[in-house]
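Please look at the sequence and the structure below.

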Amino acid sequence: MSDRFKGKVALVVGGANADEDHLLGFAGLAALEIARHGGKLVIGDIDDEAGNRSVKKMKEAGLTADYFHLDVTSEVDWAGGVEKTMSLHGQLDIMIMAAGMPDRGERIETTEVDKWRQVMDVTNLGMFLGTRAVVEPMRKSGGGSIVLISSMMAKVVRDQANAYATSRAGMTHFARSAAVQYGPDNIRVNTVLPGWTLTPFTSSAFDEEWLERLAKRVPLGRVADASDIAGPILFLASDEAKYVTGSELLADGGVTSWIGPMD
Ligand SMILES: NC(=O)c1ccc[n+]([C@@H]2O[C@H](COP(=O)([O-])OP(=O)(O)OC[C@H]3O[C@@H](n4cnc5c(N)ncnc54)[C@H](O)[C@@H]3O)[C@@H](O)[C@H]2O)c1
């Protein structure tokens, strides 16, 4: 194992699916890799069962990992998560925020107001509260890296799921704003824009037939798995990206570059 994240403390929110014996989420895999490569890891999520199971396995493997219940829409939960991270490890260097909820199949006139609010709250209120909560401890650590998980839906849209797409586009602009504000503190803020990826988030929607249909729309010829997206997340989180801030890293297999087949 390399010591790529040695000396770093990471708070990964929405990273509960980090147990390799189950389907991995990409933030979950990024969390696991940070711990494997010398980092001290704290996972926050609302899926306590998955989060506790993932961390138990990491501890059994000798890694430094803890889990806390953290709902990204709760200011109190963010304060508690940061406080616990600081009391455990005395510093905070990396924050990855991957919480999300889908609004598949909804058109504008049939989207319930509550649904719109929920999607916006988890993504946009979550990124705001999370960034606000980690800035001061990162400043004390001499800088840090915030990685917000957006989506290729920030760049293109479907004829539905507009709350999701709008919230993801908001995320990329928020990241630019935060990058400008906190650059002087050496705090970098970037977004990753994943394409279609088979994870717990999509597993109920992506059956075999759907996976095949989607793959035909991807220049790289396949739907991503968690490792395809964890790599870009880890790059932005690490010091290898030490001059990268305010950027959007598309990891979509080429989908958003393609006008579609010419037949
Ligand atoms: N899988 C894809 O195709 C895809 C593509 C683009 C973007 N995304 C986004 O990437 C992110 C990570 O998803 P994933 O595919 O790795 O799946 P995932 O299910 O492993 O990750 C999402 C996590 O967010 C957690 N979560 C949901 N609401 C929360 C809340 N209020 N507070 C804290 N945690 C909460 C879930 O419990 C889950 O652990 C999501 O935001 C998703 O919208 C996914």
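The questions and answers below treat the sheet, its helices and the ligand shell.

Q: What is the strand order of the open sheet of seven strands?
A: This is a predicted model, in which local features need pLDDT of at least 70, side-chain atom pairs count only at pLDDT 80 or more, and totals for chains, interfaces and linings use all residues. Residues are numbered from 1 along each chain as its sequence is written. Strands (E, at least two residues) and helices (H or I, at least four) are DSSP runs numbered from the N terminus, and two strands pair if DSSP finds at least two bridges between them. The pairing is parallel and the order is β3-β2-β1-β4-β5-β6-β7.

Q: Which are the edge strands?
A: An edge strand pairs on one side only. The edge strands are β3 (65–69) and β7 (248–251).

Q: Why is β5 largely enclosed by the rest of the structure?
A: A residue is buried if 20 or more other C-beta atoms, placed from the backbone, lie within 10 Å of its own. In a regular strand the side chains alternate between the two faces of the sheet. Gly144, Ile146 and Leu148 point one way from β5, Ser145, Val147 and Ile149 the other way, and all are buried. β5 is largely enclosed because six of its six residues are buried.

Q: How many bridges pair β5 and β6?
A: The two strands pair in the parallel sense. Glycine 144 has isoleucine 187 in β6 as its bridge partner. The number of bridges between β5 and β6 is six.

Q: Which helix makes a right-handed β-α-β unit with β4 and β5?
A: A crossover is right-handed if, with the strands pointing away from the viewer, the path from the first strand over the helix to the second runs clockwise. Strand β4 (residues 94–97) pairs with β5 in the parallel sense over four bridges, and methionine 97 stands opposite leucine 148 in β5. The helix of the unit is α4 (residues 113–140).

Q: Which helix gives the most to the shell around the ligand?
A: The ligand is surrounded by 29 residues, the closest being Gly25, Ala99, Gly100, Thr199 and Phe201; a residue is near a molecule if its C-beta atom, placed from the backbone, lies within 6 Å of it. With three residues, the helix that gives the most is α1 (residues 26–36).

Methods. Buried ≥ 20, exposed ≤ 12 C-beta atoms within 10 Å, placed from the backbone.
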